[in-house]
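Student: Could you walk me through reading a model like this one? I would like the general idea each time, and then the case at hand.

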Amino acid sequence: MQDVEGVGELNPAVVESLVGNHRRFLSFLERRVGNRALAEELLQSAYVRTLEKGGELQEGEGAVAWFYRLLRNALVDHYRRQGAEGRALEREAREVSEVGPDPELTQTVCACIHELLPALKPEYAEMVRQVDLEGRSVPEVAQEAGITTNNAGVRLHRARQALKKQLERSCGTCASHGCLDCTCGKPGGGCKTPA
């Protein structure tokens with residue numbers, strides 16, 4: 001393989017070895033992440049990284065062993081990112097349970113919301129109905145649903161995001177500005193934006 005700007009030169013035997021072990025590498029990743037599409041994505045990223053770092057392959061070091069080490073590092077990075085996302089969702093769940101109703105959602109409450117709730121997943125619609133429209137606490141709703149408070153907070157966050165998208169699709173820009181004087185009573189009707 002010829003040297004590309006910023007990329008080390010790879011020995012053709014190394015390339016053949018790595019390509020020849022594609023299925024083994026994919027199987028290795030899939031067993032660890034439990035998802036073929038994600039395993040393929042991680043493998044492709046590792047191949048790209050090999051092109052970038054391939055010149056660092058030491059004499060006497062097996063290409064396959066080197067690549068497995070690269071795959072293990074990719075898995076560690078993946079799980080770190082996943083852990084960070086999980087911690088962010090947990091933090092959001094705690095904030096939701098402490099703060100209560102979403103002020104932005106409260107400002108945009110109009111008759112359209114009642115019409116759009118059935119378009120959400122049933123558990124999302126129920127969460128919005130109980131917490132945001134009925135004013136119940138997240139821990140109370142979580143206990144009644146038989147889920148943890150964190151799970152309920154995450155569900156509420158996702159439900160609000162889904163409802164916001166539905167409102168924007170249905171009511172257009174008036175939903176973005178707040179349906180403060182809604183007279184429509186149905187999706188797509190005559191919301192009035194504030195002056």
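Predicted model: local features only at pLDDT ≥ 70, side-chain atom pairs only at ≥ 80, totals over all residues.

Student: What pLDDT does the protein chain average?

Tutor: pLDDT is the predictor's confidence in each residue, from 0 to 100. The protein chain averages 74, and 69% of the residues score at least 70. Over residues 1-7 the pLDDT stays under 50. Residues 186-190 are also below 50.

Student: How many helices and strands does the protein chain have?

Tutor: Both are DSSP runs numbered from the N terminus: helices are H or I with at least four residues, strands are E with at least two. Here there are 10 helices and 0 strands. Take helix 9 (residues 149-171): its 23 residues reach 32 Å from first C-alpha to last, close to the 33 Å expected at 1.5 Å a residue. That expected span is 1.5 Å times one less than the number of residues.

Student: Which residues of helix 9 are buried?

Tutor: Buried means under 20% relative accessible area, exposed over 50%, and partly exposed in between, using a 1.4 Å probe and protein chains only. In helix 9 the buried residues include Val154, Leu156, Arg160, Leu163 and Gln166. Across the protein chain, buried residues make up 35% of the 195 residues.

Student: Which residues have the most contacts inside the largest nonpolar core?

Tutor: In soluble globular proteins, nonpolar side chains tend to be buried together. A nonpolar core is a set of buried Ala, Val, Leu, Ile, Met, Phe, Trp, Tyr and Cys residues joined through side-chain atoms within 4.5 Å. The largest one has 20 residues, and those with the most contacts inside it are Leu18, Phe25, Leu29, Leu43, Phe67 and Leu71. Helix 1 (12-20), helix 2, helix 3 (36-53) and helix 4 (63-99) each supply at least two residues of this core. Its largest share, 8 residues, comes from helix 4. Apart from this core lies another, of 12 residues, among them Leu116, Tyr124, Leu163 and Cys171.

Student: What is Phe25 in contact with?

Tutor: Contact means heavy atoms within 4.5 Å. Leaving aside neighbours within four places in sequence, Phe25 touches Leu18, Leu43, Tyr47, Val64, Phe67, Tyr68 and Leu71.

Key. Residues numbered from 1 in each chain as written. Heavy atoms only, no water.
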